[in-house]
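Me: I would like to go through this model with you and ask, for each term, what makes it apply. Please set each value against its criterion before you conclude.

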Amino acid sequence: MATKRVVLVTGVSRDLGARFARSLATDKDVEVVGLDVIPPRHDLGAADFVRADIRNPVIAKVIAARGVDTVVHLAMVATPDSAGGRSSMKEINVIGTMQLLAACQRAESFRKLVVQSSISVYGASPRDPVKFTEDMSARAQPRTGFGKDSLEIESYVRGLARRRPDVVVTTLRLANLMGAGVDSHVTRYLSLPVVPRVMGFDARLQFLHPSDAVDALLLVTRRDVQGTFNVAATDVVTLSQALRKMGRPTVGVPKAAAPLVATLIRQAHLVDFSADQIDALTYGRGMDTSRFTSQTGFVPRFTSLAALQEFVGISELGLLSPERVDSALEAAARVLRTAAARDG
Amino acid sequence: MGEAEIIDFGSRGQASRGRRRSGRIPESQGTPTPGDEAPGFESEEVPQTPALGALFSELARLASRSLQSLRSVPVTQLSDLAADPLHTLASLAQTLGVDWEDSLDETVTFIRKRLRGDYAIDEFGFDPEFTTKIFLPLLRRLADSWFRVEVRGAENLPADGSALLVSNHAGTLPIDGMILHTVVYDEIGRHVRMLGADLIFKTPYSHDLARKTGSTLACQEDAERLLASNQLVAVFPEGFKGLGKPYADRYKLQRFGRGGFVSAALRAQVPIIPTAIVGSEEIFPLIARAPGLARLLGLPYFPITPLFPWLGPVGMIPLPSKWIIQFGEAIPTDELGSGAADDPMIVFNITDQVRETIQQTLYALLMQRRSAFF
């Protein structure tokens, strides 16, 4: 029997990790080991589950015992509350990655690393180009929150790539996930009954459907594609469009008051924001995905708009749902028609 | 280089001191009447444009003309309008030949689409539907009735393919950019994609409007992305230096940045079309820039015109100057080869060539314009 590939997937108790592990495990030649600190809520299919903390050196033993050759690191936390606070979030993201990479570096069997990074590394500012390519760096370096964590994670990953040149290292910068069943700060924000938004700005949002994210991760796990890549749908939608499709009324908030409002919303446990995500919802940002497409031939099946539509389809529509808008418009039109009729 | 000794009247030092205009040299006094400016000027010399005092006496004449035409307003219809606004509106529409029912249906469909978010935008946030159906019709009124824009050299605008329009920039607020967008769209049916300063994208509402109407940040990456996707791109290399220059320096081109626009055009090998806009200088004659106040507000300058901020919102109405927009012959860049963008000498030469062309065209147009307002 040819030696089976052994793939360690971190962060499998979350949606993306579980979907990825399940899809990868359908391949008979691959043994999938799923890792997380809490048991998975989703079915992992043929994948094994190992309960371990990546922040703990015991992870090295798992890698050695299973003879892991490929590590797919998906255990990143984007918002503080889901991790139990900002310091805990930072520990999972940064210290967790450091420990995991330290364990990988010493493992003999280790040949390949795939890391999930994020569009957050580009920050968001009014001085941004309309689409970032992989070679550009943030115009306004993210100094807090998930953006900063992602930058640090990437720098540790680069460090490992330097020290172990024999390892194939792939970093995928994923756009915000959007689609049915996605639970993120963006989807929760769009689902607020009345949505506060920064006045006078209409952010461009670029999404990625989870199934496309899984496909992209599978592709780079199965094939060797060295480097850092942006992964997203090519089109953008604006925040206004998203809110109108959701039928949500909005309240304008001056830019200076936005952090305060975001804090209030966080404290009410409505939406969990990390500080840098407000800028992204103000100025918007986009990624150029042509490098990934030209190197791997990967084309996302969902556009940003289609992904959003899918999410809207399963969401409860707000106060300004299309039916209400239509009936209000009809009423107004009727009044105006009678005005014309009196003319005769 | 003729621009060193240009402005021959309205000393700059005085402008910021206040509104004293006594120490003016005589040639700028009388209102220029048709025909009295064209002769006597060599083509090298700077044509005369009205100084502030003359500008306002002309404006007064314009106002009295419009007041006369106001006398013919039908008073009875106005009282009808107050009594039953909807009915009057409907009958007015009928007399104007508008089908009330049809346009009503159309409007309802349009509003429904907008409120549902069913419209397409491109990666820059450009919303063609909003631009052609709301933004441009409003500006068209401004361009046709208020500024009475006269377009020359429209045949130099390409019907397809990329090109870079390079224009002078003036008028305190970037109204010249919007008017340029309107006239180009009306001439050849293509949208001009503007490149704007980061202040535009930092400021609320201005960010929103700019992105919706197809503008993007003036940076190398975005310029190249637009030029690579067959777009007509416009750039104002003077930036705030041109927009916020005092009225005394009108029609005197400022420094053209660092030639970034030329290297973008060279890299994409697209032609450069020098564009001269006459009329934008007079819409908000800037007499002072209040640098202290500007710093406080985080603006490049705080405009003080004879009407603003003294008259509040009324002072924000642009003066109805007469505009002429001339599109020059395209300067080809494709024969220079792709390496030319990295040769600073070529870039500087083309920058100078474009700048000189625009400056000379401005002077030529000013000589032909009868007055700032008629």
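Me: Which residue of S4(B) is the bridge partner of Gly196(B)?

Reply: In this predicted model, the bridge partner of Gly196(B) in S4(B) is Leu217(B).

Me: Why is strand S3 (residues 192-196) of chain B called mostly covered?

Reply: A residue counts as buried if 20 or more other C-beta atoms lie within 10 Å of its own, and five of the five residues of S3(B) are buried, so the strand is described as mostly covered. Val192(B), Met194(B) and Gly196(B) point one way from the strand, while Arg193(B) and Leu195(B) point the other way, and all are buried. In a regular strand the side chains alternate between the two faces of the sheet.

Me: What makes strand S3 (48-51) and strand S11 (227-231) of chain A edge strands?

Reply: The sheet in question is open, with seven strands in the order S3-S2-S1-S4-S5-S6-S11 (chain A) and parallel pairing. S3(A) and S11(A) each pair on one side only, and on that ground they are the edge strands. Neighbouring strands of this sheet are turned by 20° against each other on average, direction ignored.

Me: How do you know that strand S5 (residues 112-118) of chain A and strand S6 (residues 168-174) of chain A pair?

Reply: The criterion asks for at least two bridges, and S5(A) and S6(A) have seven in the parallel sense, so they pair. Ser118(A), for instance, has Leu174(A) as its bridge partner in S6(A). Helix H7 (residues 210-222) of chain A lies across both of these strands, as well as S1, S4 and S11 of chain A, and runs at about 170° to S6(A).

Me: What makes residues of chain A and chain B count as touching, and how many do so on each side?

Reply: Two residues are in contact if their C-beta atoms lie within 7 Å, and 30 residues of chain A are in contact with 32 residues of chain B. H13(A) gives the most to the chain A side, with nine residues. By class, that side has 13 nonpolar, five polar and twelve charged residues.

Conventions:
Residues are numbered from 1 along each chain as its sequence is written. Chains are lettered from A and ligands numbered from 1 in the order in which they are written. This is a predicted model: local features need pLDDT of at least 70, side-chain atom pairs count only at pLDDT 80 or more; totals for chains, interfaces and linings use all residues. Helices (H or I, at least four residues) and strands (E, at least two) are DSSP runs, numbered from the N terminus. Axes are lines fitted to C-alpha atoms, for helices over the stretch in contact, and angles run from 0 to 180 degrees between N-to-C directions. A residue is buried if 20 or more other C-beta atoms lie within 10 Å of its own, exposed if 12 or fewer, and partly exposed in between; C-beta atoms are placed from the backbone. Ala, Val, Leu, Ile, Met, Phe, Trp, Tyr, Cys and Pro count as nonpolar, Asp, Glu, Lys and Arg as charged, and the others, Gly among them, as polar.
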